[in-house]
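Subject: Structure handover

Hi,

My notes on what turned up follow below it.

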Amino acid sequence: MNKVINVLSHKGGCGKSETVLNIAYGLAEKGNKILVIDCDPQCNSTSILLADKPLKESESDLFLDLYKKFGGETSGDFNSAIRALKEYVEQSRVTHDIHDVLENKCNPQEAVYETRYENIDIMPSGTELSLTDYQLKSLSLNPYQALRIALAKLEKDYDYIIIDNQPFKNALTFNTIASCTKEKDLIVIPTKINRGGLEGTHETIQTIMEWLNAEKLPLDIKILATMTNRNKIDTTWCKALKEAFGNLMFDTSIRYQAKPVEDASMKKRILLETTRQGVAEDYLNLVNEIAML
């Protein structure tokens with residue numbers, strides 16, 4: 001059965017996108033078909049997953065068809081070649097994204113794109129998503145069900161649907177929470193061990209509880225300690241949170257190790273495809289833990 005994993009926190013800078021990307025990569029390596037949905041206008045997951053999208057052999061035929069369309073009958077017609085290349089590049093760009101789906105401007109399938117990673121597709125984000133909160137509230141009689149309706153048309157094609165979120169509380173947030181309707185769907189709350197991180201986690205849980213109680217849906221959350229330092233404060237707090245929240249907290253915690261994460265990001269790569277040591281090992285442990293749920 002398809003499973004939705006919604007990575008959500010009202011606190012920025014806690015590693016939401018990094019968590020989404022590495023969970024997606026790790027689960028895809030296990031042979032699962034993954035759809036990543038980027039619900040953050042900052043487009044962090046989109047920028048990584050759609051970087052260096054591989055060419056297909058059939059696309060060369062498309063380019064040559066365009067070349068002939070613009071008058072290129074023989075080899076070396078520069079004007080026809082450059083016009084064909086311009087149109088090919090424009091056609092190859094993302095036509096639809098998540099905001100079109102939420103605003104009912106296209107079918108969900110039209111906004112799904114292959115990535116260069118085997119078994120991972122994406123429904124990308126764009127800057128227009130920042131206006132979708134207003135559009136949903138002004139145009140829809142039920143503004144919080146748009147994503148749930150869209151996912152119902154896609155869920156049979158994927159083993160996991162993984163959602164990246166912005167750190168704000170608005171209609172987009174409620175749409176992603178409302179998409180976790182099945183008993184095994186999961187909301188992951190990345191938590192940085194500092195005062196702001198704990199406040200953000202409390203606010204996120206309160207939002208989830210308000211919504212799930214109203215909808216009478218199962219409360220299935222797990223707190224994930226992220227960017228943890230190997231010091232007494234972080235170690236003590238991780239143990240305290242685990243004791244208090246029990247099974248609602250992952251056994252795995254993600255250590256703070258900036259260099260490999262930043263190096264992978266600069267190369268437009270996912271951490272787990274560049275290394276399996278240090279913080280990457282933590283993400284592997286997290287993937288294994290999720291796969292067992």
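Two strands pair if DSSP finds at least two bridges between them. Helices (H or I, at least four residues) and strands (E, at least two) are DSSP runs, numbered from the N terminus. This is a predicted model: local features need pLDDT of at least 70, side-chain atom pairs count only at pLDDT 80 or more, and totals for chains, interfaces and linings use all residues. Residues are numbered from 1 along each chain as its sequence is written, and side-chain values use heavy atoms, with hydrogens and water left out.

The sheet

There is an open sheet of 7 strands with mixed pairing. Its order is β3-β4-β2-β5-β1-β6-β7. β3 and β7 (221-226) stand at the edges. Each has a single partner strand, so one side of each is left without a neighbour in the sheet.

β5 pairs with β2 in the parallel sense, over 6 bridges. D38 has D164 as its bridge partner in β5. β5 also pairs with β1, again in the parallel sense, over 5 bridges. Here K3 has Y160 as its bridge partner in β5. Strand β1 (residues 3-7) goes on to pair with strand β6 (residues 186-192), parallel, over 3 bridges. V188 in β6 is the bridge partner of V7.

How enclosed is β5? For burial I use relative accessible area: buried is under 20%, exposed is over 50%, and partly exposed is in between (1.4 Å probe, protein chains only). 6 of the 6 residues of β5 are buried, so the strand is largely enclosed by the rest of the structure. In a regular strand the side chains alternate between the two faces of the sheet. Both faces of β5 are covered. Y160, I162 and D164 are buried on one side, and I161, I163 and N165 on the other.

Aromatic pairs

Rings of Phe, Tyr and Trp (its six-membered ring) pair if their centres lie within 6.5 Å. Planes under 30 degrees apart count as stacked, over 60 as edge-to-face and the rest as tilted. By this rule the count comes to 4 aromatic pairs.

Take Y25 and Y117. Their ring centres are 5.7 Å apart and their planes stand at 85°, so the pair is edge-to-face. Y25 lies in helix α1 (residues 16-29), and Y117 in the loop between β3 (113-114) and β4 (120-123), so the pair ties together parts that are 92 residues apart in sequence. Y25 is buried at 15% relative accessible area. Y117 is buried at 7%.

Next, Y144 and W211. Their ring centres are 5.5 Å apart, with planes at 85°, so this pair is edge-to-face. It links distant parts of the chain, 67 residues apart. Y144 is in the loop between α6 (132-139) and α7 (146-152), and W211 is in helix α9 (residues 195-215). Y144 is partly exposed at 23%, whereas W211 is buried at 11%. Ring pairs link Y144, F174 and W211 into a cluster.

Single residues

T173 is in helix α8 (residues 171-178). T173 is buried, at 1% relative accessible area. Leaving aside neighbours within four places in sequence, T173 is in contact with L8, H10 and F168.

R148 lies in helix α7 and is partly exposed at 24%. Its side chain makes a polar contact of 3.1 Å with that of Q145. A polar contact is a pair of N or O atoms within 3.5 Å; within protein, one must be able to donate a hydrogen and the other to accept it, and residues adjacent in sequence count only if both atoms are side-chain atoms.

Two backbone notes. Most residues other than glycine have a negative phi. C43 has a positive phi, near 60°. C43 lies in the loop between β2 and α2 (44-49) and is buried at 16%. N104 has a positive phi, near 60°. N104 sits in the loop between α5 (98-102) and β3 and is exposed at 69%.

Best wishes

Technical notes:
Contact means heavy atoms within 4.5 Å.
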